[in-house]
Amino acid sequence: MLKELQIALYLFFVFVFAVLYKLSLQYICVFSCVPTAKQFLREEDVMSQSRSIIFVETTDRLEPPHLVSCSVESAARIYQDRPVVFLMQGLKNNAWLDSNSAYPAFSLLSAMENVYIIPLQMDALFQETPLLPWYRKINARQEEYWVHVSSDASRLALVWKYGGIYLDTDVISTRPIPVTNFLAAQASRESSNGVFGFPQRHWFIWGCMEDFVQNYNGAVWGNQGPVLMTRRLQALCNLTNFHDVEDLSCRNISFLHPQRFYPIPYPAWRRYYEVWETSPVFNNSYALHLWNFMNKDHETVVAGSNTLVENLYKMYCPTTYEVLIQGAKRSDEEQQNKTE
């Protein structure tokens with residue numbers, strides 16, 4: 001009996017030690033290190049079962065802007081039981097391991113349990129898709145919109161190969177999207193490509209990749225993105241205007257009402273950076289697209305401004321708000337005090 005009690009106590013203390021050790025690692029790594037298990041994962045290791053939430057960064061920057069950080073964090077909070085995968089063009093070889101401690105947003109996202117930051121390798125990604133010959137022939141330096149065009153191609157290939165939901169990096173998630181096969185309308189009879197979801201190897205996405213190559217025109221903004229998606233959908237369905245806030249359906253594809261992601265249309269994008277007398281509730285939305293491409297004035301979140309976007313940050317990406325927005329404000333105040 002005594003021996004059994006000793007064994008039980010030993011196992012209990014081992015368990016307690018393991019829990020405390022794990023908690024200590026989490027405390028140390030809150031914003032400063034990448035969990036070791038994630039360092040060697042490839043996209044195919046994570047993006048299985050058509051359940052991933054997918055973000056893509058096709059510039060070479062390693063420090064995500066705070067809107068990107070907010071988008072990824074909000075998705076990680078809304079889809080806690082799903083992998084949130086952020087593929088970055090700037091991650092080459094093991095550069096990301098060295099960059100981790102230098103970039104607050106990168107560290108912030110890396111520390112989140114269900115966020116996986118993985119190098120974006122287009123040559124490998126486009127293998128066994130209609131996009132590979134196009135990619136090998138195109139001269140990226142001569143493409144005016146290469147960052148955007150390569151993103152349009154990458155999101156199609158990723159959803160084709162692995163399935164899941166693609167989100168632009170200026171989309172703040174507010175609640176789970178309840179459907180799987182879907183496109184998002186940004187206006188009546190007009191699809192976006194900033195949000196869409198399909199299972200792995202879906203025929204619609206394959207057709208989109210073929211269309212991408214056959215009708216490629218990189219000089220026309222959106223031709224490989226919203227225009228392509230709209231063209232493909234129109235070829236399959238007789239699109240009609242939306243009534244009330246009801247979604248449409250065609251060929252087992254849901255065409256979601258503009259209120260789902262675009263309750264503020266692109267001509268009114270500045271409304272996100274204004275103070276509202278009564279804050280909107282967005283009850284009909286699953287996420288909010290902030291139209292960052294339209295933001296040529298570089299409007300941003302200002303701590304204490306009470307703008308709509310500040311309140312969205314506080315609610316849906318509070319860690320990004322605290323670390324990147326409030327942290328920057330405190331740093332500016334400290335610097336100002338030093339110079340006075």
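How many disulfides does the structure hold? The structure, which is a predicted model, holds 2 disulfides. This report treats them first, then the sheet, and finally the pocket and the cavities.

**Disulfides**

| Disulfide | Sulfur-sulfur separation |
|---|---|
| Cys 70 and Cys 317 | 2.0 Å |
| Cys 237 and Cys 250 | 1.9 Å |

In the pair of Cys 70 and Cys 317, the value about the S-S bond is -85°, and the link is left-handed. Cys 70 belongs to helix H3, while Cys 317 sits in the loop between helix H11 (308-316) and helix H12 (318-339); the pair therefore ties together parts that are 247 residues apart in sequence. Cys 70 and Cys 317 are both buried.

The disulfide of Cys 237 and Cys 250 is left-handed because the torsion about its S-S bond is about -100°. This pair links distant parts of the chain, 13 residues apart: Cys 237 is in the loop between H10 and strand S8 (248-250), and Cys 250 is in strand S8. Are Cys 237 and Cys 250 buried or exposed? Buried means under 20% relative accessible area. Cys 237 has a relative accessible area of 9% and is therefore buried. Cys 250, at 17% relative accessibility, counts as buried. A further cysteine, Cys 208, counts as buried because its relative accessibility is 0%.

**The sheet**

An open sheet is formed by 8 strands, in the order S3-S2-S1-S4-S7-S6-S9-S8, with mixed pairing. The edges are taken by strand S3 (115-119) and S8; each has a single partner strand, so one side of each is left without a neighbour in the sheet. On average, and with direction ignored, neighbouring strands of this sheet are turned by 30° against each other. Strands of a sheet pair through backbone hydrogen bonds, in either a parallel or an antiparallel manner. Here, S1 and strand S4 (residues 164-167) run parallel and are joined by 2 bridges. Ile 53 stands opposite Ile 165 in S4.

**The largest pocket**

The largest pocket holds about 1200 Å³ of space. Its lining comprises 43 residues, and those lying nearest the centre are His 148, Asp 170, Trp 221, Asn 292 and Phe 293. Which elements each supply at least two residues of this lining? They are strand S1 (53-57), helix H3 (66-78), helix H8 (146-162), strand S6 (182-187), strand S7 (190-198) and helix H10 (226-236). H8 gives the most to the lining, with 5 residues. By class, the lining of the largest pocket has 18 nonpolar, 16 polar and 9 charged residues.

**Cavities**

A search of the whole structure finds 2 cavities of 30 Å³ or more. The second largest cavity contains about 40 Å³ of space. Its lining consists of Tyr 145, His 148, Val 149, Asp 152, Val 220, Trp 221, Gly 222, Asn 223 and Gln 224. Of these, His 148 and Trp 221 are also among the residues nearest the centre of the largest pocket. Classified by residue type, the lining of the second largest cavity has 4 nonpolar, 4 polar and 1 charged residues.

How values were computed
Residues are numbered from 1 along each chain as its sequence is written. This is a predicted model: local features need pLDDT of at least 70, side-chain atom pairs count only at pLDDT 80 or more; totals for chains, interfaces and linings use all residues. Side-chain values use heavy atoms; hydrogens and water are left out. On a 1 Å grid over the protein atoms alone, a cavity is a set of points where a 1.4 Å probe fits but cannot get out, and a pocket is an open set with protein on both sides within 12 Å along at least five of seven lines; lining residues have an atom within 4 Å of a point. Grid points are joined across faces, edges and corners, and a volume is the space filled by probe spheres set on the points. Helices (H or I, at least four residues) and strands (E, at least two) are DSSP runs, numbered from the N terminus. Ala, Val, Leu, Ile, Met, Phe, Trp, Tyr, Cys and Pro count as nonpolar, Asp, Glu, Lys and Arg as charged, and the others, Gly among them, as polar. A disulfide is a pair of cysteine sulfur atoms within 2.5 Å. Buried means under 20% relative accessible area, exposed over 50%, partly exposed in between (1.4 Å probe, protein chains only). Two strands pair if DSSP finds at least two bridges between them. Axes are lines fitted to C-alpha atoms, for helices over the stretch in contact, and angles run from 0 to 180 degrees between N-to-C directions.
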